[in-house]
Amino acid sequence: MITRHAIEHTLGFRYSAPVHSSVMTLYVQPLQDRRQVLLDFSIETDPDGPVFAFDGPFNNRGHFLDRPSPHGRLVMRARSTVESDPPRDLPDSLGSGGWKRLERGVRDPELWLMLQPSRFVRPSPTLGRFMRTHGLEPGDDPLASALELSTSLHTAFDYAPGSTEADSPIERILDTGRGVCQDYAHVMAAIMRIWGVPCRYVSGYLGPDADGAAPAASHAWVECWFPDLGWTGLDPTNDGGDDERHIRVAVGRDYADVPPTRGVYQGWAQSVLTPEVTVTRQKDPKP
């Protein structure tokens, strides 16, 4: 069944004193591809003014705004409606010669980039110790190894909102065992790249389930590339693949490539960001 979600994402900055010349870039527009259809999208801001769209790296759609007049707050509200295809059934493994076929496939420059270290996804002595402690080694098949790793990370870590920051290195969750979806995704991407599997970071939303029992939220997970399957979503936070609840907004090497908002302002003031996400699962539009 095709699933439709309505998303409202509000990013509100409040300043301790008036500021001016706020310049912001946003990555909040859901992706449009064969798996996900963007039916509508809009951004409104307070203070009001023009918002300009641009094509960012990795085929992401970004937006830019500049508010030169003095203001004590800046609120950006993005609304979108997305239809998602039902999840595909993944095999348990790639079958015979999976690692050799993967090695041949990663000669593509786009895939090669997702094998390289990046700001938040990189080898480190702490990561090496974590892998040895938990016996994290690749098995006979790339896909089976990725699925097992996702389960291992889900078990090893405790999901604890507020335990890390947006710019926390992976050593934080590796040392404490506590983190959020972004941290799970960064650790999984780092290990997959060490194993020779292209892996990219995905930012987006997690919609409610059909019964409304699972809440909606901003979310992050990974996509690994496998021969015959292509980019395949895995969610170590929830120990599963990406399904109709996973609404993809942007992909990159790690969080630094696709933060929902990044900007600067002029003025002697402190800023506080208050994000709010609402995802509503609508009646299935098609049989």
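A helix axis here is a line fitted to C-alpha atoms over the stretch in contact, and the angle between two axes runs from 0 to 180 degrees between N-to-C directions. Keep that in mind for the helix pair below, and remember that you're looking at a predicted model.

Let's start with the whole chain. There are six helices and 14 strands to find your way around. Along the principal axes, the C-alpha atoms fill a box of roughly 60 × 50 × 40 Å. As for the radius of gyration, a compact globule of 287 residues would come out near 19 Å, and the chain's 20 Å agrees with that. Of the 287 residues, 49% are buried. If you take the contacts with a separation of 6 or more, 75% of them are between residues 24 or more positions apart.

Now for the helices. Two packed helices are described by the angle between their axes and the distance between the axes. Take α4, residues 142-156, and α6, residues 181-194: their axes come within 11 Å and cross at roughly 145°. The crossing of α4 and α6 is right-handed. On the α4 side, the contact is made by Ala146, Leu149, Ser150, Leu153 and His154, while α6 brings Tyr184, Val187, Met188, Ile191 and Met192. Sort these by class and the α4 contact with α6 has eight nonpolar residues, two polar ones and no charged ones.

Following α3 you'll meet Gly135, which has a positive phi, near 60°.

Finally, hop over to the strands and pick out Thr81, which sits in β5, residues 71-84. Is Thr81 buried or exposed? Its relative accessible area is 13%, and since buried means under 20%, Thr81 counts as buried. What does Thr81 touch, leaving out residues up to four places away in sequence? The neighbours are Arg4, His5 and Ala6, then the run Val37, Leu38, Leu39 and Asp40, and Gln282 as well.

Technical notes:
Residues are numbered from 1 along each chain as its sequence is written. This is a predicted model: local features need pLDDT of at least 70, side-chain atom pairs count only at pLDDT 80 or more; totals for chains, interfaces and linings use all residues. Side-chain values use heavy atoms; hydrogens and water are left out. Helices (H or I, at least four residues) and strands (E, at least two) are DSSP runs, numbered from the N terminus. A crossing is left-handed if the near helix is turned anticlockwise from the far one by less than a right angle, and right-handed if clockwise. Contact means heavy atoms within 4.5 Å. Ala, Val, Leu, Ile, Met, Phe, Trp, Tyr, Cys and Pro count as nonpolar, Asp, Glu, Lys and Arg as charged, and the others, Gly among them, as polar. The radius of gyration is taken over C-alpha atoms; the globule rule is 2.2 Å times the number of residues to the power 0.38. Buried means under 20% relative accessible area, exposed over 50%, partly exposed in between (1.4 Å probe, protein chains only).
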